[in-house]
Amino acid sequence: MNNFKISDYTLISVTSNQDSEIIDYGVKMVGAPLEWNETMGEGVKVGIIDTGICTSHPDLASRIEEGINFSGGHLSDIEDANGHGTHVAGIVAAERNGKGVVGVAPKAKLYIARAFDKSGKTNYNAIEKSALWLADCGVNVINMSFSSSFTSKRYANLIRYLHHKGITLICAVGNEGKNGNNTIGYPANFDETIAVSAVDINKTIADFSSKGSAAEISAAGINIYSTYLDDGYALLSGTSMATPIITGAVAILQAKGMMRYNRSLTPDEIRLLLNIYTEDLSGYGRDDRYGYGLFSFGRISGSDYVDIRRTKEKIESRFSVSSKMADLVVAMLLC
């Protein structure tokens with residue numbers, strides 16, 4: 001029960017190089033390019049607990065701030081031998097350099113905790129050490145693109161500690177959707193985390209995306225193009241790919257908060273911003289598949305208009321928050 005494995009994902013194809021610069025549809029769907037004139041996530045520290053990273057990759061090398069290895073071997077060895085972690089990192093913060101791909105927050109700082117080995121396996125101790133190291137590094141958000149049925153009081157206390165430290169925790173719901181309802185694993189099932197489901201290019205829930213009451217927000221997770229091993233690129237599918245899209249969005253929100261309020265936003269403030277600015281995909285509010293719906297900074301081809309009064313009323317009633325919190329959210333939406 002103490003064994004963890006990266007959620008099963010699908011490798012569609014691998015490309016050795018990418019001469020022209022591509023902005024994947026998932027990055028466009030979340031509306032990240034609308035924010036880049038103001039911020040690309042500058043100054044925000046993003047932690048990733050995964051299989052490591054391809055340190056030589058031209059889209060990632062300059063984004064790596066620090067790294068550590070708890071999967072066995074030398075502590076400084078964060079090289080990815082699996083590919084999953086490199087793909088996730090690129091979705092978050094692949095650099096805008098005129099070639100390759102672009103991440104959601106292409107100027108965010110990456111803190112890499114290699115907890116999973118080549119086969120994508122690990123144990124709880126490696127995850128705990130990774131999380132505590134990232135907390136000591138002062139990261140603003142941690143991406144957890146893994147899921148397991150394992151839970152314990154110690155695990156719950158770790159998540160509670162990270163949340164108390166002001167770290168936003170973005171987690172994959174898992175890829176057990178074909179097994180029916182109530183299939184969301186941990187850490188996504190903890191109350192303090194934000195559970196991310198996967199949709200396709202048509203905003204339809206992926207059949208593999210796990211379902212349950214913890215589902216909170218959706219992002220693209222099918223045929224996502226990002227960085228890969230040997231300085232290459234790959235198309236992958238899984239809730240693991242949807243999760244870093246939201247992590248990148250959090251980096252942009254944090255950068256905006258720092259610029260406008262000279263402070264980091266709390267996990268609860270981030271959660272409210274993510275949830276209120278969603279497109280309801282179920283047609284009847286939060287459900288066990290999409291959560292509140294698809295988050296986006298704005299529809300690339302549509303209006304980004306915000307009605308201040310109606311939006312504030314919606315926030316206060318839908319999420320049962322104070323007028324002060326609602327004011328902050330409206331202010332961020334208007335920025």
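Biologist: Happy to look at this one with you! How many helices and strands does the protein chain have?
Modeller: This is a predicted model, and its secondary structure holds both kinds of element. The count for the protein chain is eight helices and 16 strands.

Biologist: What share of the 335 residues is buried?
Modeller: A residue is called buried when its relative accessible area is under 20%. By that cut-off, the buried share of the 335 residues in the protein chain is 59%.

Biologist: And how much accessible surface does the protein chain have, and what part of it belongs to carbon and sulfur atoms?
Modeller: The total for the protein chain is about 13000 Å². Of that surface, the part belonging to carbon and sulfur atoms is 47%.

Biologist: Among contacts between residues at least 6 apart in sequence, what fraction joins residues at least 24 apart?
Modeller: Contacts here are heavy atoms within 4.5 Å. Taking the pairs at least 6 apart in sequence, the fraction that joins residues at least 24 apart is 76%.

Biologist: Let's zoom in on strand 9. Which residues point the other way from V141 and N143, and are they buried or exposed?
Modeller: In a regular strand the side chains alternate between the two faces of the sheet. Strand 9 covers residues 141–144, with V141 and N143 pointing one way. All four are buried, and those on the other side are I142 and M144.

Biologist: What is the bridge partner of I142 in strand 10?
Modeller: Strand 9 also runs parallel to strand 10 (residues 168–172), joined to it by four bridges. Within that pairing, I142 has as its partner L169.

Biologist: Which helix belongs to the β-α-β unit with strand 9 and strand 10, and what is the handedness of the unit?
Modeller: The helix is helix 4, residues 153–164. Together with strand 9 and strand 10, helix 4 makes a β-α-β unit that is right-handed.

Biologist: Now cysteines: how many disulfides does a search of the whole structure find?
Modeller: A disulfide is a covalent bond between the sulfur atoms of two cysteines. C54 is buried at a relative accessible area of 4%, and C171 is buried at 0%. For disulfides, the search of the whole structure gives zero.

Biologist: Which peptide bond is cis, with omega near 15 degrees?
Modeller: Look in the loop between strand 10 and strand 11 (194–199), where P187 is found. The cis bond with omega near 15 degrees is the one from Y186 to P187.

Biologist: Is N182 buried or exposed?
Modeller: N182 is found in the loop between strand 10 and strand 11, and has a positive phi of about 55 degrees although it is not a glycine. Its relative accessible area is 67%, and exposed means over 50%, so N182 is exposed.

Biologist: What about D230, buried or exposed?
Modeller: D230 sits in the loop between strand 13 (224–227) and strand 14 (233–237). Its phi is near 55 degrees, a positive value in a residue other than glycine. With a relative accessible area of 73%, D230 is exposed.

Biologist: One more, please! Which residue's backbone oxygen does the side chain of T278 reach?
Modeller: T278 lies in strand 15 (residues 278–279). T278 has a relative accessible area of 10%, so this residue counts as buried. At 2.8 Å, its side chain reaches the backbone oxygen of N275.

Note on methods
Residues are numbered from 1 along each chain as its sequence is written. This is a predicted model: local features need pLDDT of at least 70, side-chain atom pairs count only at pLDDT 80 or more; totals for chains, interfaces and linings use all residues. Side-chain values use heavy atoms; hydrogens and water are left out. Helices (H or I, at least four residues) and strands (E, at least two) are DSSP runs, numbered from the N terminus. Buried means under 20% relative accessible area, exposed over 50%, partly exposed in between (1.4 Å probe, protein chains only). Accessible areas come from the Shrake-Rupley method with a 1.4 Å probe; for residues, only the protein chains shown count as cover. Two strands pair if DSSP finds at least two bridges between them. A crossover is right-handed if, with the strands pointing away from the viewer, the path from the first strand over the helix to the second runs clockwise. A disulfide is a pair of cysteine sulfur atoms within 2.5 Å. A polar contact is a pair of N or O atoms within 3.5 Å; within protein, one must be able to donate a hydrogen and the other to accept it, and residues adjacent in sequence count only if both atoms are side-chain atoms.
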